[in-house]
Amino acid sequence: MLNSPSRVPRLVVAAPSSGSGKTTVATGLMAALTARGLAVSPHKVGPDYIDPGYHSLATGRTGRNLDAYLCGPALVGPLFAHGARGCDIAVVEGVMGMFDGAAGEGELASTAQVAKLLRAPVVLVVDASSQSRSVAALVHGFASWDPEVRIGGVILNKVASDRHEELLRDALDSAGVPVLGVLRRVAQVETPSRHLGLVPVAERRAAAVDSVAAMAAQVSQGCDLEALVALARSAGALSCAAWDAAEALDSSLPPPLPVPTLGAAPPDPRSRPERPGPQAPDGPRKSGPGGKVRVAVAGGAAFTFSYAEHAELLAAAGAEVVVFDPLRDEGLPEGTRGLVVGGGFPEVYAAELSGNEALRKEVAALAESGAPVAAECAGLLYLCRELDGRPMCGVLDATARMSGRLTLGYRDAVAVSDSVLAVAGTRMRGHEFHRTVVEPGSGAAPAWGVLAPRRVEGFVERGVHASYLHTHWASEPGVARRFVERCRTS
């Protein structure tokens, strides 16, 4: 009998710091358990899009993010239960060091907070490559720092030899935390990285399959899978109901009143009628099955960043979601009434994207017609006149280029302009993660006012909303409803 989502056995894979081997252990464990016939629900703490791709490859299920900053702590449990429906066990990969979260926000968005919200035991992955007896002090510190976090075991990574393993185990006997696995350094488990982390699965699928298989073999050989499953079964029951896209739309509240931002405060939307949407282009409207409006979503190797809940919310709001690949498809899906272009690595594929002139012109024509277009980060670059000197869609009067500076962090933002996504004054939280620069950084009608550091950014033009900020629509389901409604009326 399948477990109910609130009682799915689960554990969290954490580490003292980044680079300790969380992804190797979590992905390998997911694949190893899947190979044993278990339905494994894969999850990732934080905003990262890349690791969930490897999780999906390991399990055959959609990798989902659990981000207490973007979505709020109250949604962590429901979103977990939604992803874990029909599963036998869930594995949650942590982010950074176990107690690291949003800067200046205490434990918010940390692996430790998510473990507590999920009532899940933690497996601590320790890079033991440069220590022996000191490992006991490290593990004792992490196990005792927050008594509400239960570390149920340790997996020692990058162990050099049998003698090294013996020293580590002897030291940990006094720490009171069992060793559930020992992994040696294995070259084929290494996965290539780039300027923003691991190279996404979509860019190296055959090699990624081999990497995941190697991770699974290493975890199967070096870890006590039975003990790990038993630990997962000790997780407490959740009291929350599973998140549901349709229910989230039904229960979403009207947009909040405007709040002060940079410069003059936006007008109070109660004091004036909402501006009418753009006029529909000439020609008959085309809809998908059952009268649904067709929303094209960019995918493929250049646009791999997307939260699964976005497509689910669009579908629940009445959209037929169709994925297309700007690297291969020379036109938008027939009957497209709205376009979503999420994040990814267009700078890596600038030549190919630029060379697909037919699609670039079609995207520009769709935007010119006033149809809704939502673009985040990579999507923003794609809509610019050019990227690193190569022509792009030319929807925005801006240029984009690679830079040597990493822009990274959570952002608290407020909508500055009415758009196809939100009315001015809507508060949302986002995340920036890029090494590119767009000049100018905002248009005459900016998309967001970022509260720290204070600035405006992004573009709202006709039906276009383009910005560097990645947002999670589960935190504000009305975004999807508004977008689909504009697709119907544009």
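Tutor: Let's start with Leu124, which lies in strand S5 (residues 122–127); strands (E, at least two residues) and helices (H or I, at least four) are DSSP runs numbered from the N terminus. This is a predicted model, where local features need pLDDT of at least 70, side-chain atom pairs count only at pLDDT 80 or more, and totals for chains, interfaces and linings use all residues. Residues are numbered from 1 along each chain as its sequence is written, and side-chain values use heavy atoms, with hydrogens and water left out.

Student: Is Leu124 buried or exposed?

Tutor: Buried means under 20% relative accessible area, exposed over 50%, partly exposed in between (1.4 Å probe, protein chains only). Leu124 has a relative accessible area of 0%, so Leu124 is buried.

Student: Which residues is Leu124 in contact with, leaving aside its neighbours within four places in sequence?

Tutor: Contact means heavy atoms within 4.5 Å. The partners of Leu124 include Ala14, Pro16, Met98, Phe142 and Ile155. Gly152 is 28 residues from Leu124 in sequence, with 8.1 Å between their C-alpha atoms.

Student: How confident is the predictor?

Tutor: pLDDT is its confidence in each residue, from 0 to 100. The protein chain has a mean pLDDT of 90, with 88% of its residues at 70 or more. Over residues 255–286, however, the pLDDT is below 50.

Student: What classes of residue make up the lining of the second largest pocket?

Tutor: A pocket is an open set of points on a 1 Å grid over the protein atoms alone where a 1.4 Å probe fits, with protein on both sides within 12 Å along at least five of seven lines; lining residues have an atom within 4 Å of a point. Here 44 residues line the second largest pocket: 25 nonpolar, 14 polar and 5 charged. Ala, Val, Leu, Ile, Met, Phe, Trp, Tyr, Cys and Pro count as nonpolar, Asp, Glu, Lys and Arg as charged, the others as polar.

Methods:
pLDDT is the predictor's confidence in each residue, from 0 to 100.
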